[in-house]
Amino acid sequence: MINTMECAADAQSLISISLMKIHNSRTQRGGIKLHKNLLVSYVLRNARQVYIKEKYAEIYRMQQYEEVMTVCNEIQELNPLDLDAEDAEDEEQARAACCGEEASLCGAACHRGAAQLAVHTRAAVSALPDCCPLEESSKEPEPCYYRSCCMETSPVSQCEQFSANSSAYCNKTTVLDLDTHVVTTVENGYLHQDCCCDALQCGQSAQSPAKKRKVEFGCCVSDVEEISDFAAARKRAKREDCSFFHPDYTDTSHISNLISIFGSGFSGLLSRQADVEQICSKQVLASLGAWTRAIVAF
Amino acid sequence: MAGTGDGSSDVQWCFSQVKGAIDDEVAEADVISTVEFNHSGELLATGDKGGRVVIFQQEPESKNQPQCRGEYNVYSTFQSHEPEFDYLKSLEIEEKINKIRWLPQKNAAQFLLSTNDKTIKLWKISERDKRPEGYNLKEEDGRYRDFNTVTTLRVPVFMPMDLMVEASPRRVFANAHTYHINSISVNSDCETYLSADDLRINLWNLEINDRSFNIVDIKPANMEELTEVITAAEFHPNQCNTFVYSSSKGTIRLCDMRAAALCDQHTKLFEEPEDPNNRSFFSEIISSISDVKFSHSGRYMMTRDYLSVKVWDLNMETRPVETYQVHDYLRSKLCSLYENDCIFDKFECCWNGNDSVVMTGSYNNFFRMFDRGYRQDVTLEASRENSKPRSVLKPRKVSTGGKRKKDEISVDCLDFNKKILHTAWHPLDNIIAVATTNNLYIFQEKLN
């Protein structure tokens, strides 16, 4: 067990520093030092473990909160409010959000409190499935971009889709990035990613609770628009030195995307030509569990 | 110490000499990268980042000053390695001398092996203090005489001349290592030597430079499964079939070349279980072994990791028999040391002549000695301030607690740019060579 003194914030900075060291080693005189890079990869692995552990803990806390809220809502059902339809969907999508095995994308750092976290989640998940029904009532109809596989499957718990027996459906894992609101689905090891930023805007014309959520989302929208594309984030990581000194480099959403890059091994960082889809097709998320420590140096 | 049978270990160390530039600004090429005494202690070789080798020779003891052993003066300087470029991989190969190892002397000439990241060279250092004069067919300057002017014959004779030391490369052992060479070690049979890089160890014959045997290969089939690299290797001082190599995971493997041609299966594995209470982000880094040295007797070996020195009995694999903390106060600073790359510094260690004391370097130009018998340790400093001839070195202390005593230095005041990575101990006498960044300090035992 890593000393508990190192919290998730330290883990994040260590990840940033380690990635920078690996990047700089590529241009060092004498070639890549295999020994040093191997040791740096160990630090990266240790920091990632702590980072993900913290995110799991946050998700678990959020899930607990969701369950509590669900119970509260059920009690509130005695008072007929318009939140009913949304909450039913909330519960399902919250399960979907937390069900993903590859929680690293799901676990993008959110330093806000758990309460805010839950609110964001509810807003996000409510906006997603409501995209279509709200379209009708929205003054500015937006096309619904949300296309998660989850929507097409049975409303049973998404966890069941993990089972190897569910051959009727493709083997899917759906993960919701709580910060960027990017929904990621891994289908038989193939990655689909959806941006629900437009879906968010669908919810702007919703009732007052949704409006309240919209205000809280205001601070995140710019992030979503900026990091809406997995390819963009990856290309940003691939840029030369200046990118690593960009203030947003330590942005937690960058970190989670970079972590997923490393799921494909350091060849993902060294290769400049690999296409994003190529990387995705290499079971990026599926291999995240088997964290690669080696450097493909020669 | 040194076999004198003293009752106590109160050896006092005096400053003797310092070699190198006085400037505060250090030229990259002048950074000392290796230090090694030869088998008699008469010669002291240093290698630097610029690929140069400088050899110092000890002057014979002066009858006028019996309290002082002879000083070391420059004997020979030569460019051992030049920077190269690997066009296939588009990589520059540094000329930095990683290691120097002396061969046992067999005749008038001295031989040493020097290596950079990729190429090992065997150098012959020979003296010339006579030259032939009186050739019949050549003038003194070497021009051929007109045969018609030769009317008499004479026998050329050797005439004394100013001593000239020549260094000539006798063998070049190249193209055998894909990864960076970290160690070379001459076998006790004086015919073979090994060279180790991150993943492989090769066995060479000193006479044959176009062939080598690979005796250890830890490269995995899939490089993504790589978990450890070789960090150091050394032949046993007496048993020509035995060698050890250390790894980045903190393990040492002893191999017997009689068991198999490929020594991937170790004969013994020396490993100490990790203390789970000390687990941190940097556990793997600080457990990586940076140096391994057999004792002169061959009974023990010593390993250096980032924070400690461990002495192992070859007969016990489960744990070291002695552990010495070099600078445990750095354990709480590992994060900063990781950021500034100091955590990757590779400290070396060495034994004294009779294996009773071990020595290693630290930061702030401190170096530490641990007396195994008397269980005492001392911290000394190599600095220009203490460089008056024969001035006794005062023990230094680093304060770790809140209250700092007088003459103690606080951990936060340590200069991590001043590091002593390379030290060497004279094989017979209490004379030590300590390399700071670009200076070589020589200290001697105070003789009464």
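**Exercise 1. Determine which residues make the nonpolar surface patch of about 330 Å², and state how exposed Leu78(A) is.**

Step 1. Val71(A), Ile75(A) and Leu78(A) together make this patch. Patches are made of residues with over 30% relative accessible area and no salt bridge, with nonpolar side chains (Val, Leu, Ile, Met, Phe, Trp, Tyr) joined within 5 Å and like charges within 9 Å. Accessible areas come from the Shrake-Rupley method with a 1.4 Å probe, and for residues only the protein chains shown count as cover.

Step 2. The model is predicted: local features need pLDDT of at least 70, side-chain atom pairs count only at pLDDT 80 or more, and totals for chains, interfaces and linings use all residues. Residues are numbered from 1 along each chain as its sequence is written, chains are lettered from A in the order in which they are written, and side-chain values use heavy atoms, with hydrogens and water left out.

Step 3. Leu78(A) lies in the loop of chain A between helix 2 (34-76) and helix 3 (83-99). Helices (H or I, at least four residues) and strands (E, at least two) are DSSP runs, numbered from the N terminus.

Step 4. Leu78(A) counts as exposed because its relative accessibility is 73%; exposed means over 50%, buried under 20%, and partly exposed in between (1.4 Å probe, protein chains only).

**Exercise 2. Describe the interface of chain A and chain B.**

Step 1. The two chains bury about 3100 Å² between them, 63% of it on carbon and sulfur atoms. Buried area is the accessible area (1.4 Å probe) that two parts lose on being put together, summed over both.

Step 2. Chain A gives 35 residues to the contact and chain B gives 34 residues, where contact means heavy atoms within 4.5 Å.

Step 3. Seven salt bridges are counted between chain A and chain B, a salt bridge being a side-chain nitrogen of Lys or Arg within 4 Å of a carboxyl oxygen of Asp or Glu. Arg45(A) and Glu284(B) meet in a salt bridge through their side chains, at 2.9 Å from N to O.

Step 4. On the side of chain A that touches chain B, helix 1 (8-25) and helix 2 are the elements that give two or more residues. Helix 2 gives the most, with twelve residues.
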